[in-house]
Amino acid sequence: MSQFSKDLIAWYQLNKRSFPWREQINVYHTWICEVMSQQTTLAVVLPRFKEFINELPDLHSLANCSDEKLRKLWVGLGYYARARNLRNGAQYILQNFDNKFPSCKDEWLKVPGCGPYTASIISSICFNEPVACVDGNVVRVVSRILGMNKDVWEKIGQEKISCYVNECIPKNYPGCFNQAMMDLGATVCKKQNPICQECPIQKYCYSFKNNIVSLCPPNKPRKDFQTENIFALLLRRNKKLEYSIILRNQGFLAKTKGFPLLCSKEGYSKEKILAVANKLNLKTTCLEKTFKHSITHHKITGHTFVIDCNEDDYKVKSLLKHFALPEKNEWFALAHIKQNISSSLDLKVLKTLSSE
DNA sequence: GAAGCGTGGTC
DNA sequence: TGACCAAGCTT
């Protein structure tokens, strides 16, 4: 093992963060926590991980869990395909791996929702496979070690970084090494205000020695935000006591339950929606109160339409059909809506209603 | 290769 | 208040 790897691992043994999934090696726990942590801050993950494991403690319970249970366990976590992939993955593993877990990176790569990072970290931690993983932390740490102030986000730079960690990874302690790199990136080699004076691998760091830490890595080029208007339809019946939610089939938040949504991106506008509702003779108002919401690369202003349907189911179906929305809908009393939605966008819609 | 996909925390 | 970002994957 290189002195660099020895120094890093020695630091990790003394300074590693304690997490529920680090108490003992458990493949199921490692898989769940890694997927839950994709593009998500650990402060958010921690309580939700415990809840998930309590409710779905093993492969079988996950593979067989209901849509409802899965939805509740992922409320507010975002990137909802991850939850669906976890259940799909559990079913895939049970069907293809004879009641065991995949035991190498190439097998994990076939599990839904597991890409190069997740397959590598699970295989290195749980099966001692000497495969390096490259997440956002590792990109930052290595780009500083190598003094990369350009090309980091291009293919050439990513290959260089990947090549470096693959050469460093010790055959006997791949899991420790991978976690050490990530912990170092998260606690010492931070994006903002790195604590170089406490860094165990300072003497290997080109950017530290040459005083260019602040230039490495360069900022990732950001895509411009699109500005959109989104229109939530609150279909109301039964003396205005019950509201309708659907399983959204396309656009933002597809495959999650919530209010029917129409987006300016699809050509919808306040006027067009009002015109359709009027044509069906449905009493419709657009609330004054709007809300803001962000979804990756989109800045969204939300508008709430309240549509009184009385008991005219035919008109409801016509309306939904006109907008190419799923015609299968469920009605809930306002007080129960909250327990049947996942996205914080839907909660913001509800807030516009209650503030009227 | 690039676009699409969510959210809560942080400064 | 708002911009930026975090243990990426899929198409």
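The model is predicted, so local features need pLDDT of at least 70, side-chain atom pairs count only at pLDDT 80 or more, and totals for chains, interfaces and linings use all residues. Residues are numbered from 1 along each chain as its sequence is written.

**The two domains**
- Chain A splits into domain 1 (3–210) and domain 2 (226–353), with bounds from an automatic or database domain assignment.
- Taken over C-alpha atoms, the domain centres lie 38 Å apart.

**Where they meet**
- In contact (heavy atoms within 4.5 Å) are 8 residues of domain 1 and 11 residues of domain 2.
- About 690 Å² is buried between the domains, 46% of it from carbon and sulfur atoms; buried area is the accessible area (1.4 Å probe) that two parts lose on being put together, summed over both.
- On the domain 1 side, Arg-71, Tyr-80 and Arg-84 lose the most area to domain 2, together 68% of what that side buries.

**A salt bridge**
- The rule finds 1 salt bridge across this interface, where the term means a side-chain nitrogen of Lys or Arg within 4 Å of a carboxyl oxygen of Asp or Glu.
- Lys-257 forms a salt bridge with Glu-68, and their closest N and O atoms are 3.8 Å apart.

**A hairpin**
- Strand 6 (residues 291–295) and strand 7 (residues 298–310) run antiparallel, joined by 5 bridges; strands are DSSP runs (E, at least two residues), numbered from the N terminus, and two of them pair if DSSP finds at least two bridges.
- Ser-294 stands opposite Lys-299 in strand 7.
- The hairpin has 2 residues between its strands, and His-297 in the turn has a positive phi of about 70°.

How values were computed:
Chains lettered and ligands numbered in written order. Heavy atoms only, no water. Helix = DSSP H or I, 4+ residues; strand = E, 2+ residues; numbered from the N terminus.
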